[in-house]
Amino acid sequence: MDPQPTAGAVTDPSSTRPGEPVPPGEPVLHPDETSGQDSTTRADAAGPPHAPAWPRGGPATPPHAPAWPGGGPVPPGGPLPPPARSLARRLLAPVATLAGVAAAFAYVGTVDPNEPGHYPVCPLLRFTGVYCPGCGGLRSAHAFVHGDLPTALGANALAVVGYGLFGALMALWLIRVLRGVPMRLAISPVWWWGIGAVLALFTLVRNLPFGSALAP
């Protein structure tokens, strides 16, 4: 009757198949042909059983590790920042905006809105006789292009204020582009309500007798 293996028994390497891992913590007996003594090695020297390894050894890449589009883990230090755009590409948006606005002002400065037949009439003024916030804007732009600021203010003072705000915004945009700082313009709802209130008040005042100076 064969003796049963005990807890302190050793494992004969010939009893396992080649390539089969030895359970962790169990010593392996290697017979020594010259001295008759036994030398043991620990099976857990290859690493914990739950850590997968590549065929050449070493831990495998965790499944959650980020990788480059071409494959492979991200190098130490994190991903590299995206390449900076050239100055010409950064200037494309503000320069195109300025070119469009300049073309519109050039057209209004050339084609006089004070002469009838060149531009459509405001529908609100035509059917109700009430001046909207934009009434007189074309005449204000025409006078502004020709350097006649008093006439521009008399036609539409709010439009002249808008010209100044637009110029300040474009100057800020160009400065940030030259410095390589992205331009982000976020207006909170409070500002939108404020702008709406200013437009409503301007419309009300310019249609009242004491505010006739603001009428075109």
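Visitor: Is Cys132 buried or exposed?
Guide: Cys132 counts as buried, at 16% relative accessibility. Buried means under 20% relative accessible area, exposed means over 50%, and partly exposed lies in between (1.4 Å probe, protein chains only).

Visitor: What kind of model is this?
Guide: This is a predicted model; local features need pLDDT of at least 70, side-chain atom pairs count only at pLDDT 80 or more, and totals for chains, interfaces and linings use all residues. Residues are numbered from 1 along each chain as its sequence is written, and side-chain values use heavy atoms, with hydrogens and water left out.

Visitor: Back to the cysteines. How many disulfides does a search of the whole structure find?
Guide: The search finds 0 disulfides. A disulfide here is a pair of cysteine sulfur atoms within 2.5 Å.

Visitor: How far is the sulfur of Cys132 from the closest cysteine sulfur?
Guide: The distance is 3.5 Å, to Cys135, and that is too far for a bond.

Visitor: And what about Cys122?
Guide: Cys122 is in no disulfide either. Its nearest cysteine sulfur is that of Cys132, 3.7 Å away. Cys122 is partly exposed, with a relative accessible area of 21%.

Visitor: New topic. How many helices and strands does the protein chain have?
Guide: There are 6 helices and 2 strands. Along the sequence the pattern reads β-β-α-α-α-α-α-α. Helices (H or I, at least four residues) and strands (E, at least two) are DSSP runs, numbered from the N terminus.

Visitor: What share of the residues is buried?
Guide: Of the 216 residues in the protein chain, 14% count as buried.

Visitor: Which residues make up the largest nonpolar core?
Guide: The core has 9 residues in all: Val108, Val111, Tyr119, Ala141, Ala143, Ala152, Ala159, Val160 and Tyr163. A nonpolar core is a set of buried Ala, Val, Leu, Ile, Met, Phe, Trp, Tyr and Cys residues joined through side-chain atoms within 4.5 Å.

Visitor: Which elements give two or more residues to this core?
Guide: Those are α3 (137-145) and α5. The largest share, 3 residues, comes from α5.

Visitor: What does Tyr163 touch?
Guide: Tyr163 touches Phe105, Gly137, Ser140, Ala141 and Phe144, leaving aside residues up to four places away in sequence. Contact means heavy atoms within 4.5 Å. Tyr163 counts as buried, at 18% relative accessibility.

Visitor: How many aromatic pairs are there in the whole structure?
Guide: The search finds 4 aromatic pairs. Rings of Phe, Tyr and Trp (its six-membered ring) pair if their centres lie within 6.5 Å; planes under 30 degrees apart count as stacked, over 60 as edge-to-face and the rest as tilted. Phe105 and Tyr163 have ring centres 5.3 Å apart and planes at 80°, so this pair is edge-to-face.

Visitor: Where do Phe105 and Tyr163 lie?
Guide: Phe105 lies in helix α1 (residues 87-110) and Tyr163 in helix α5, so the pair ties together parts that are 58 residues apart in sequence. Ring pairs also link Phe105, Phe144 and Tyr163 into a cluster.

Visitor: Last one: which residues of α6 are buried?
Guide: Phe202, Thr203 and Arg206 are. They cover an arc of only 100° around the axis, which puts them on the same side of α6. That arc is taken from the directions from the helix axis to the C-beta atoms. The buried residues of α6 pack against α4 (149-155) and α5 (157-178).

Visitor: What does the face turned away from the buried side carry?
Guide: That face of α6 carries the exposed residues Pro189, Val190, Trp193 and Leu201.
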